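These notebook entries record what I looked up in the structure, entry by entry.

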Amino acid sequence: MFIDINKDKIHEIQMSWYSWRNDASTTTMVLLSFLVACFTGLMAQVSIAIPWSPVLITFQTFAVLLAGVFLGSKWGGFSMILYTVLGILGMPWFTSMHSGLEWIFSASGGYIIGFILASIFIGHVFDNYTTARKPIQTVILMLIANFVVIYIPGLLGLYNFMINNGKPVTITGLLIAGVVPFIVGDLLKIAMASGITTSILPKED
């Protein structure tokens, strides 16, 4: 009985937060979106250079994976659009304090486009399919968002960057430069994001 009461209390807390987010005013959600964009920019500064790749290892994807969870599809996507647009306009919060339109055409630019798509994808699935909020399903969803939704535009952008800079590109070389170095770190970020997600989202409406 004690365990049941605790479960009910946890569910009540999860639902109250979820309902609050869904009923919040536009002004509140714009502010929250900006804060998530700021958090993404902060995580972008946690970076490690790789000698054989023009793309840095960063903690950005952790923020991206949670954007859709906390804000939903519409506002999660908006937070990443805000991050992208403000960065293009001069906010120095791309990796290594970079900014400007040229960054979108850099080796990392495609991944930023993937951030927008991934936050929309995650928010849509979690908001519309309650079964996706269970632990195993959450991990699977995060894996898809990270390694498919983010990496496809990321690799396309990296390929374009390498071609434009006169570098020979093979599929193997592209994967070694744009995927392989990030796998371990991405799995860690996915595990962290999944744990937070299953803690805050109600498993049923």
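**Entry 1: Ser79**

I looked up Ser79 and found that it counts as buried, at 0% relative accessibility. The model is a predicted one, and I kept this in mind throughout. Ser79 lies in helix H3. I then asked which backbone oxygen the side chain of Ser79 reaches. The side chain of Ser79 reaches the backbone oxygen of Gly76, at 2.6 Å. I also listed the contacts of Ser79, leaving aside its neighbours within four places in sequence: they are Ser33, Val36, Ala37, Ala67 and Leu71.

**Entry 2: Met80**

I moved on to Met80, whose place is also in helix H3. Met80 counts as buried because its relative accessibility is 0%, and buried means under 20%. Not counting residues up to four places away in sequence, Met80 touches Val36, Thr40, Val64, Ala67, Phe115, Ile116 and Ser119.

**Entry 3: Ser119**

I next examined Ser119, which lies in helix H4. Is Ser119 buried or exposed? Its relative accessibility is 0%, so Ser119 counts as buried. I noted the residues that Ser119 touches, not counting those up to four places away in sequence: Val64, Ala67, Gly68, Gly72, Ser73, Gly76, Gly77 and Met80. I also looked up the separation between Ser119 and Phe94, which are 25 residues apart along the chain. Their C-alpha atoms are separated by 17 Å.

**Entry 4: H3 with H4**

I then considered the two helices themselves. Two packed helices are described by the angle between their axes and the distance between the axes. For H3 and H4, the angle is about 95 degrees and the axes are 7 Å apart. H3 is therefore roughly perpendicular to H4, as angles of 65 to 115 degrees count as roughly perpendicular. I recorded the classes of the residues in the contact of H3 with H4: 13 are nonpolar, eleven are polar and one is charged.

**Entry 5: the loop between H3 and H4**

I looked up the loop between helix H3 (60-89) and helix H4 (109-128), where Ser96 has its place. Ser96 has a positive phi of about 60 degrees, although it is not a glycine. Ser96 is partly exposed, with a relative accessible area of 36%. Met97 lies in the loop between H3 and H4 as well. Met97 is not a glycine, yet it has a positive phi of about 65 degrees.

**Entry 6: Thr61**

I returned to helix H3 for Thr61, which has its place there. Thr61 counts as buried, at 9% relative accessibility. Which side chain does the side chain of Thr61 join in a polar contact? The partner is Lys189, and the polar contact is 2.9 Å. Leaving aside neighbours within four places in sequence, I found Thr61 in contact with Phe115, Asn146, Ile150, Asp186 and Lys189.

**Entry 7: H3 with H5**

I looked up how H3 packs with H5. The angle is about 120 degrees, and the axes are 11 Å apart. H3 and H5 are therefore oblique to each other. H3 passes H5 in a right-handed crossing. On the side of H3, the contact is made by Thr61, Val64, Leu65 and Val69; on the side of H5, by Met142, Ala145, Asn146 and Ile150. By class, the residues of this contact are six nonpolar, two polar and no charged.

**Entry 8: H5 with H6**

My last entry concerns helix H5 (residues 135-164) and helix H6 (residues 171-178), whose axes come within 10 Å and cross at roughly 115 degrees. H5 is therefore roughly perpendicular to H6. The crossing in which H5 passes H6 is right-handed. I noted that Tyr151, Leu155, Leu158, Tyr159 and Met162 in H5 meet Leu174, Leu175, Ala177 and Gly178 in H6. The contact of H5 with H6 has eight nonpolar residues, one polar residue and no charged residues.

Conventions:
Residues are numbered from 1 along each chain as its sequence is written. This is a predicted model: local features need pLDDT of at least 70, side-chain atom pairs count only at pLDDT 80 or more; totals for chains, interfaces and linings use all residues. Side-chain values use heavy atoms; hydrogens and water are left out. Axes are lines fitted to C-alpha atoms, for helices over the stretch in contact, and angles run from 0 to 180 degrees between N-to-C directions. Helices (H or I, at least four residues) and strands (E, at least two) are DSSP runs, numbered from the N terminus. Angles under 35 degrees count as roughly parallel, over 145 as roughly antiparallel, 65 to 115 as roughly perpendicular and the rest as oblique. A crossing is left-handed if the near helix is turned anticlockwise from the far one by less than a right angle, and right-handed if clockwise. Contact means heavy atoms within 4.5 Å. Ala, Val, Leu, Ile, Met, Phe, Trp, Tyr, Cys and Pro count as nonpolar, Asp, Glu, Lys and Arg as charged, and the others, Gly among them, as polar. Buried means under 20% relative accessible area, exposed over 50%, partly exposed in between (1.4 Å probe, protein chains only). A polar contact is a pair of N or O atoms within 3.5 Å; within protein, one must be able to donate a hydrogen and the other to accept it, and residues adjacent in sequence count only if both atoms are side-chain atoms.
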